[in-house]
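Dear colleague,

Please have it open while you read.

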Amino acid sequence: MMNWIIFAAVLGMVMGQQVLQPDVDVFFGTEKGGNVFPGPARPFGMVKMGVDVIDSSTKVVFSGYARDGNVAGISMMHESGTGGSPEYGVVSQLPLIGNIDYSSQSSLGRSSDDTGSVGYYSCSFNNGIQAEFAAADRAGIYQYSFPENNEPKVMINVTHHLSNSDKSYWTQYFVNGSVEANDDKNGYEGQATFAGGWASQDPWTIYFCGDFENNANLVEAFVGTSNFNSLQASTSANESVGIVFTFPSDQSTIRSRVGISFISTDQACQNIKADFNDYNLNSTVSDTKTLWDDQVFGKVNVNNDNTTLSNLLYTALYGAHLLPTNKTGENPHWQSSEPYYDDWFTIWDTFRCLNPLFNLLSPSRGAELIRSLIDIYKHDGYTPDGRSANQNGKTQGGSNSDILMADAYVKDVHNRIDWDEAFSAMVKNAEVAPPYWYDFKAPDASTKEGRGGLSDWINLGYVSRTYTRSVTRTMEFSYDDFALSVVAKGIGNETAHDKYLKRSANWQNIWNHNATASACNYTGFVQPKNADGSWAYDGYDPLSCGNCYWGDDEYEGKPVEYGWAVPHDIATLVEFIGDNDTFIARLDDMFGLNGQAFADIGNEPSFLTPYLYNYVNANYKTVETIRYLINTKYSTGPAGLPGNSDAGSMQAWLFFGLMGFYPVAGTSTYLLSSPFFSSATLNLENDKNVKITASNLSNDNIYIQSVEINGNSWNQNWFTHDDLFKNGGSIHFELGSTPSKWDTGDVPPSPGHTK
């Protein structure tokens, strides 16, 4: 499918047109494990309103949505593109008619597929009710259309939340809650406490406040299976609790507004007032679209005759700006004047290209994110790798917030950032083992924050098999320590720079020059090591990682994939591999260009790998591989992603692939591929812009023949952040149908190379 889309798009680009209002597909990536959230939300908004589906063929619904199955509630909070186990799905309403199951197990079948667009969502139910809703920043609006001559009812289900029947050990669970309607029967307030989830969160509380445009006739409360005529209900037991508003039968349209807060019901009510002047759903949708245009879509203009491709680009941008969540002023644990962002789900996924995307297009937002990380460190003791419900956890590999810090530093994202404090947070990660936090999937060391296995790293120079994910940790700690060296140099601490730059070479301690793989005619791979320095495993197979999960040596990637995970030190990797031809041949094996396909672009450890041909001046191979991956692994529609979105990481990778360059996180380097558009403009926050143009682009003409940057002939297949993004500029590609050895200049830098 994607081949046709891309080919059709590029054939008519020369006379292309600017896309002013992109038709974003909010259902892109919602199926086949993409887990994208399709409901209305604002960029980084705290409210993400969406349906929560049960009895679906997908069983576990991570973002609440599934195409099939019944809707058990329309709730206010969700995360997008997450795995492991669902989070949130709390503070819900459900429109009903007729008899109600007061055990709160009511659900509605749908009469047609849900529809949605930026800022708007609609679902139609078998009982004739249509639900439309829209999200503001911290409050949302519902509009229900009921069939005539029925008493409209709206259930407020305090107990409602997303769960995971497949992994009960990682499911959320309800702790306690209460709700109370006002005397006029047109509003309610309450709170609910939940615990558990993928990161095994301690109990946390969400407060809510709702109102209706008109008064109800009747309010009934329920606790468990019992209902009674009351304005309030509460429970601390493992049972359902909520209230039901019943309206006169002559009111076929019911509108409601709901605010949420982590502070108090009063603040939840204030959030309604801050977000809404009335009950106008359409104006809320319009305001949300304006925010997306101003903060996201307006930063990129592309020209082409085929809107399918440009809409795919903007759809990717949309999915990349849903997380983390801006909860500034909603932190229940401490008061601070600093920005506060939660739902870092997870930095292990996002540091590679999603956060560099923010630093490129929205450096003011990038600075807020770094300041938030620093503030979390100051009050919680460590920066997170994953964080939800205002709590750190989980850490999949390294302390990769370190790389976010370095990426911001080298790209001059400095607005009000205290870099001395930032470096203190990084040093804490690098030098102080976090308190033990039991994780039954990996009980050897804490997975809540910091670096598990740090004692090995400091004493042995690698993480041994005493600890789970030893290869992942060794490779990522190396990269993390490189990030420390970058910031240390920037703030003038040469001693720390030298120390951490030296430690960044520790990945070499698990490179076994003699390791072989039966399917390969070359040697040398990363390999797990025992604490005594001996290599682990007889008959070691670098093409296997077991389950590639928490208890294994490698997480979401085989050893053959992790061998490339040294973006700061590719020069040493080339030396270890032996020569450029073998380097190219090994890369060819990763994604199928030689018939082998060892890597999965749906897993983050392989995000940078297809660009690594540039390090031996074989850019034509990068171009071929990126074209192959986008044309065969991505598509339009609900199944358009090659794996879990991972909070927008997969969409950020697609964006850079379509643009024709890719960031090396934590450095100022961008690696060139070739663009999918004949013309694009990036509108920067400094009122400058970067124009990207390509001559002769077509289905056949994908190979770079020559490049000009800022009007100057360019023989390097890379450029720096300052070359284009500091003061604006231009890059022009001359394309052709056959590979050209145009990249004869210096290879991309390897700043961690110390030999």
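How many residues line the largest cavity, and which of them lie nearest its centre? Before the answer, please keep in mind that this is a predicted model. The lining of the largest cavity is made up of 18 residues, and those nearest its centre are Phe351, Arg352, Tyr479, Pro567 and Leu608. Two elements, α11 (470–490) and β25 (661–663), each give two or more residues to this lining, and the largest share, 3 residues, comes from α11. The volume of the largest cavity is about 230 Å³, and the count of cavities of 30 Å³ or more comes to 7.

Strand β5 (residues 115–117) and β6 run antiparallel and are joined by 3 bridges, with Ser117 standing opposite Tyr120 in β6. The hairpin that these two strands form has 2 residues between them, and in this hairpin Gly119 takes a positive phi near 90°. On from there, β6 is joined by 4 bridges to strand β7 (residues 130–135), again in an antiparallel arrangement, and Cys123 stands opposite Ala131 in β7. The hairpin of β6 and β7 has 5 residues between the strands, and Gly128 in its turn has a positive phi of about 90°. As for strand β6 itself (residues 120–124), 4 of its 5 residues are buried, so that the strand is mostly covered.

Finally, there is a feature on the surface, where Tyr169, Tyr436, Tyr438 and Phe440 form a nonpolar patch that has about 470 Å² of accessible area together. One of these residues, Tyr438, lies in the loop between α9 (419–431) and α10 (454–460). Is Tyr438 buried or exposed? Tyr438 counts as exposed because its relative accessibility is 54%, and the cut-off for that term is over 50%.

With best regards

Note on methods: Residues are numbered from 1 along each chain as its sequence is written. This is a predicted model: local features need pLDDT of at least 70, side-chain atom pairs count only at pLDDT 80 or more; totals for chains, interfaces and linings use all residues. Side-chain values use heavy atoms; hydrogens and water are left out. Patches are made of residues with over 30% relative accessible area and no salt bridge: like charges are joined within 9 Å, nonpolar side chains (Val, Leu, Ile, Met, Phe, Trp, Tyr) within 5 Å. Accessible areas come from the Shrake-Rupley method with a 1.4 Å probe; for residues, only the protein chains shown count as cover. A salt bridge is a side-chain nitrogen of Lys or Arg within 4 Å of a carboxyl oxygen of Asp or Glu. Buried means under 20% relative accessible area, exposed over 50%, partly exposed in between (1.4 Å probe, protein chains only). Two strands pair if DSSP finds at least two bridges between them. On a 1 Å grid over the protein atoms alone, a cavity is a set of points where a 1.4 Å probe fits but cannot get out, and a pocket is an open set with protein on both sides within 12 Å along at least five of seven lines; lining residues have an atom within 4 Å of a point. Grid points are joined across faces, edges and corners, and a volume is the space filled by probe spheres set on the points.
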